[in-house]
Amino acid sequence: MIGDFDSVVRRPNLDNVISLNNEKDFTDMFEAIKIGIEKGYECFHIYCGTGGRFDHTFANIQALAYLSQNGRRGYLIDKDSVVTAVTNGSIIFDSCGSGYVSVFSYSGISKGVNLEGLKYTLDNYELSSICPMGVSNEFIGVESTISVDDGTLVVIFPRKHINNIRD
């Protein structure tokens with residue numbers, strides 16, 4: 001457990017607790033990610049990080065981009081959806097039967113965006129962070145690939161497909 005525990009009545013008294021100062025520059029989640037990276041972790045699953053305060057949800061999406069831009073993968077998982085980030089790379093979905101997938105540029109411009117095996121495809125497209133063109137695409141029951149040559153994408157897909165992905 002890692003945190004400043006400013007929103008609980010009593011700090012947990014366990015051996016595996018790392019207490020943070022409650023006056024710090026980063027969120028508890030980001031501090032936990034930095035500690036995880038120091039310990040050598042490559043993949044992070046963040047649960048319960050989308051409810052409550054929108055500013056913390058957005059900070060968690062920024063943390064996904066940070067992980068991606070540093071060669072790691074993170075998944076922000078809520079009841080219905082998963083958010084991840086892809087930087088200068090790809091994510092592949094095995095034959096997902098159905099559901100929506102949305103792709104947004106986190107970089108100002110993401111170059112060389114390719115969407116394959118989805119209802120709406122793109123080939124070597126430049127996706128902008130100020131235009132939500134990638135919202136509500138659809139899986140069509142075949143293997144699909146989302147890739148970017150230069151930039152960071154935020155990808156949102158149904159939680160039921162979390163076990164259907166590979167890098």
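Guide: We'll go through the ring pairs, then some strands, a loop and a pocket.

First, some ground rules: this is a predicted model, in which local features need pLDDT of at least 70 and side-chain atom pairs count only at pLDDT 80 or more, while totals for chains, interfaces and linings use all residues. Residues are numbered from 1 along each chain as its sequence is written, and side-chain values use heavy atoms, leaving out hydrogens and water.

Now the rings. There are four aromatic pairs here, counting rings of Phe, Tyr and Trp (its six-membered ring) with centres within 6.5 Å; planes under 30 degrees apart are stacked, over 60 edge-to-face, and the rest tilted. One of them is F30 with Y66, an edge-to-face pair at 4.9 Å centre to centre, with 70 degrees between the planes. F30 sits in helix α1 (residues 28-38) and Y66 in helix α2 (residues 54-69), so this pair links distant parts of the chain, 36 residues apart. (Helices, H or I, have at least four residues and strands, E, at least two; both are DSSP runs, numbered from the N terminus.) F30 is buried, at 15% relative accessible area, whereas Y66 is partly exposed, at 31%. Buried means under 20%, exposed over 50% and partly exposed in between, with a 1.4 Å probe and protein chains only.

Next come F93 and F157: their ring centres are 4.9 Å apart and their planes at 75 degrees, so this pair is edge-to-face. F93 belongs to strand β6 (residues 90-93) and F157 to strand β12 (residues 152-158), so the pair ties together parts 64 residues apart in sequence. F93 is buried at 0%, and F157 is buried at 1%. Ring pairs also bring in F139, making a cluster of F93, F139 and F157.

D150 touches N88, I109, S110 and K111, leaving aside residues up to four places away in sequence; touching means heavy atoms within 4.5 Å.

Strands count as paired if DSSP finds at least two bridges between them. Here N114 stands opposite S147. Strand β8 (residues 109-116) is also joined by four bridges to β9 (residues 122-128), again antiparallel, and L115 has L122 as its bridge partner in β9. β8 and β9 form a hairpin with five residues between them, and G117 in the turn has a positive phi of about 75 degrees.

Finally, α2 and β12 come up again in a pocket. Each supplies at least two residues of the lining of the second largest pocket, as do β5 (81-87) and β7 (100-105). The largest share, four residues, comes from α2. By class, the lining has ten nonpolar, four polar and one charged residues. Nonpolar here covers Ala, Val, Leu, Ile, Met, Phe, Trp, Tyr, Cys and Pro; charged covers Asp, Glu, Lys and Arg; the others, Gly among them, are polar.
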